[in-house]
Amino acid sequence: MNIKRPLILISNDDGYHAKGINSLISMLRDMADIVVCAPESARSGYATAFSATIPLRLKLRRKEEGMEMWSCNGTPVDCVKLALHELFAGRRPDLVLGGINHGDNGSVNVHYSGTMGVTLEGCMKYIPSVGFSLCDPSDDADFEPLRPYVRRIVGKVLAEGLPKGVCLNVNFPRLRQFKGVRTCRMAFGTWYNECVKMRHPHGYDYYWMTGSYRNDEPDDESTDNWALNNGYVAVTPTRIDVTDYELLKNWRL
C-alpha cells in the first residue's frame, strides 16, 4: 500500500462477492488504496451485532496493487473490528465505507441495516464513515449511475472529514438519472405484517420474518423517503449519540 494515498476500509452486509461492493471498489480504485473485509455470505439485517460465542476466521480472496479483499465468517461489524485489528499494520484507514447495499436503507431501516452497522462501527472508532445503498435489491442491480455521486461524496469526506460522532447514510433511488442530491432527515416509518406463520408437515408451527413498509409522513419534503420517492439522492447525517437533549433538560422524577 502507498502511504501517500488515502486508505479506505470497505465492508458490506451482502457478502464480499456481491456486485454492489465490487462496483464500489471499481469506482474508487484510482482515488485510494483499498482494504476490503466483508462477510463470506449475506448478513442483511445484522445491524451492529457482533459475534461473542463463535470463533472468527479471515480468508484472503484477492490481492492486487493497491487493493486487498478479505472475507470473514462473522457479521459486518465483526469484519470492521477484525480488519482494524489485523489488516492495517498500525495505520488507521482514512475512511470506512459500507455498501453499496442491494436495497433501501432509508428511514428506520438504518437501525436494522448491516451496511449501516459497518458505518456506525467506523464512526464509533472516530473514523469518517459513509454508508451507500441503492433502492434495488436485485443481485444484478445497475450501480453505474451512482459512480459520479459516490466519487464526489467520498472526495468531499476525504478532504473535509466529518464531525465527531457523525456519519452519512446515503441512499440512491432506483433510476438511471437523479434530479440531484438532498441533505435530509430520517423519515418516520413503520414495518407491519412482519411475521408469516406456517405449519410444518411434522406438526409444528414456524415463522418467516417478512413485512411491508409504510412511510408515516409521505408529504414531508424534509425526509429521506420523500427525496428517494421524488428522484433525489438522499444524504442523511446520522449521529452515534442518540441522547434526547431536550428531554434531558426537563426530565425529572
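A salt bridge is counted here when a side-chain nitrogen of Lys or Arg lies within 4 Å of a carboxyl oxygen of Asp or Glu. By that criterion Arg-185 forms a salt bridge with Asp-220, and the closest N and O atoms of the pair are 2.9 Å apart. Arg-185 sits in the loop between strand E8 (180-183) and strand E9 (189-192), while Asp-220 sits in the loop between strand E12 (212-215) and helix H5 (224-229), so the pair ties together parts that are 35 residues apart in sequence. Helices (H or I, at least four residues) and strands (E, at least two) are DSSP runs, numbered from the N terminus.

The structure is a predicted model, in which local features need pLDDT of at least 70 and side-chain atom pairs count only at pLDDT 80 or more, whereas totals for chains, interfaces and linings use all residues. Residues are numbered from 1 along each chain as its sequence is written, and side-chain values use heavy atoms, with hydrogens and water left out.

Both partners of the pair already described are partly exposed, Arg-185 at 30% relative accessibility and Asp-220 with a relative accessible area of 27%. In these terms, buried means under 20% relative accessible area, exposed means over 50%, and partly exposed lies in between (1.4 Å probe, protein chains only).

Side chains of opposite charge can pair when their charged atoms come close. A search of the whole structure finds 19 salt bridges. One of them joins the side chains of Asp-30 and Arg-151, at 2.7 Å from N to O. Because Asp-30 lies in the loop between helix H1 (19-28) and strand E2 (33-39) and Arg-151 in helix H4 (residues 147-160), this pair ties together parts that are 121 residues apart in sequence. Asp-30 is exposed, with a relative accessible area of 52%, whereas Arg-151 is partly exposed at 28%.

Arg-147 forms a salt bridge with Glu-144, with 2.6 Å between the closest N and O atoms. Arg-147 is partly exposed at 24% relative accessible area, and Glu-144 is likewise partly exposed, at 42%. Elsewhere, Arg-29, Arg-62 and Glu-64 are linked in a network of salt bridges.

The surface also carries a nonpolar patch, formed by Val-196, Met-198 and Trp-208, with about 290 Å² of accessible area together. Patches are made of residues with over 30% relative accessible area and no salt bridge, like charges being joined within 9 Å and nonpolar side chains (Val, Leu, Ile, Met, Phe, Trp, Tyr) within 5 Å. Accessible areas come from the Shrake-Rupley method with a 1.4 Å probe, and for residues only the protein chains shown count as cover.
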